[in-house]
Amino acid sequence: MCMGRRSIKAREPNSPVQAPHPAISIDDDLSSAFQSLSVHSVPGKTTTSTQHIQAIPTPLPTPPPSNPSFPPSKIPTFPRSQPPKCRRCGWIPKYRNTVLSSNPNGNADRPYYICVKCKEKSANGSPNGRTKTSRQRDKPGWISWDDNIGIHRKNSPCFCGYASRQDRAGVDSYYPGGGFWTCALGACDYLSYREDGLTIREAQEKGFDSYDDGFEPWLL
């Protein structure tokens with residue numbers, strides 16, 4: 001069998017060049033832009049066929065509450081240059097901690113600060129601790145996260161006057177997976193389980209439910 005080169009016949013001058021696919025002009029309607037072209041190989045012949053694909057719109061994320069935007073000076077940024085002070089006892093942590101990779105709440109490897117003194121007091125029977133928590137901040141000695149997750153310029157304001165942090169209740173809570181707002185810096189006791197940012201007291205004063213069952217965190 002001869003294994004030499006295969007000769008290629010040159011195209012004759014002025015012979016028309018056939019486009020492999022039908023051209024689509026910019027004036028075509030939107031539906032034509034979603035056509036897929038498939039090539040069928042037949043000995044000695046190449047054919048093309050078109051098949052319409054239905055365009056499925058991607059749902060837009062839930063927008064943040066209609067709060068006024070905070071100026072950059074009122075939006076907390078992380079990581080911190082210095083460890084934060086515990087708002088309960090004033091103790092300053094010496095180390096920053098990291099969540100275990102096996103965390104079931106979607107917080108794997110996130111950095112955070114915790115007050116060892118308050119945690120020890122809780123272990124010794126201090127009322128600061130809870131056996132079934134509703135949010136990360138209620139864990140004994142919890143101070144704050146040390147990242148920018150859940151922070152947005154239109155978040156609800158905390159008692160410090162800064163943009164709060166959106167967070168998610170843990171799977172072991174009585175509000176599992178629900179969203180809530182809390183102080184991003186861990187410096188005040190601001191807390192809201194409602195998407196509109198009302199605290200429990202404010203919601204009760206207005207005759208609203210303290211919890212918003214439809215509050216699904218969208219910034220995490």
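Tutor: Happy to. A search of the whole structure finds 2 cavities of 30 Å³ or more. On a 1 Å grid over the protein atoms alone, a cavity is a set of points where a 1.4 Å probe fits but cannot get out, whereas a pocket is an open set with protein on both sides within 12 Å along at least five of seven lines; lining residues have an atom within 4 Å of a point. Grid points are joined across faces, edges and corners, and a volume is the space filled by probe spheres set on the points.

Student: Before we go on, what kind of model is this, and how are residues numbered?

Tutor: This is a predicted model, in which local features need pLDDT of at least 70 and side-chain atom pairs count only at pLDDT 80 or more, while totals for chains, interfaces and linings use all residues. Residues are numbered from 1 along each chain as its sequence is written, and side-chain values use heavy atoms, with hydrogens and water left out.

Student: Okay, how much space lies in the second largest cavity?

Tutor: About 40 Å³. It is lined by 10 residues, and the closest to its centre are Trp-142, Ser-144, Trp-145, Thr-182 and Cys-183.

Student: Which strands supply at least two residues of that lining?

Tutor: Strand S5 (142-145) and strand S6 (165-168) each do, and S5 gives the largest share, 4 residues. Helices (H or I, at least four residues) and strands (E, at least two) are DSSP runs, numbered from the N terminus. By type, the lining has 5 nonpolar, 2 polar and 3 charged residues. Ala, Val, Leu, Ile, Met, Phe, Trp, Tyr, Cys and Pro count as nonpolar, Asp, Glu, Lys and Arg as charged, and the others, Gly among them, as polar.

Student: And what volume does the largest pocket have?

Tutor: About 390 Å³. Its lining has 20 residues, with Asn-97, Tyr-112, Ile-114, Lys-119 and Trp-142 nearest the centre. Two or more lining residues come from each of strand S3 (97-98), strand S4 (111-114), helix H1 (116-123) and S5. The pocket lining divides into 11 nonpolar, 6 polar and 3 charged residues.

Student: Zooming out, what pattern does the protein follow along the sequence?

Tutor: It reads β-β-β-β-α-β-β-β-β-α, which comes to 2 helices and 8 strands. Of its 220 residues, 32% count as buried. Buried means under 20% relative accessible area, exposed over 50%, and partly exposed in between (1.4 Å probe, protein chains only).

Student: Which ring does the charged end of Arg-165 sit over?

Tutor: The ring of Phe-78, 4.9 Å from its centre. Lys-74 lies over the face of Tyr-162, at 4.7 Å from the ring centre. The rule is that NZ of Lys or CZ of Arg is within 6 Å of the ring centre and within 35 degrees of the ring normal.

Student: Is Asp-109 buried, exposed or partly exposed, and what about Arg-110?

Tutor: Asp-109 is partly exposed, because its relative accessibility is 49%. Arg-110 counts as buried, at 7%.

Student: What does the side chain of Asn-103 reach?

Tutor: The backbone nitrogen of Gly-106, at 3.5 Å. A polar atom of the Asn-103 side chain also lies 2.9 Å from the backbone nitrogen of Asn-105. A polar contact is a pair of N or O atoms within 3.5 Å; within protein, one must be able to donate a hydrogen and the other to accept it, and residues adjacent in sequence count only if both atoms are side-chain atoms.
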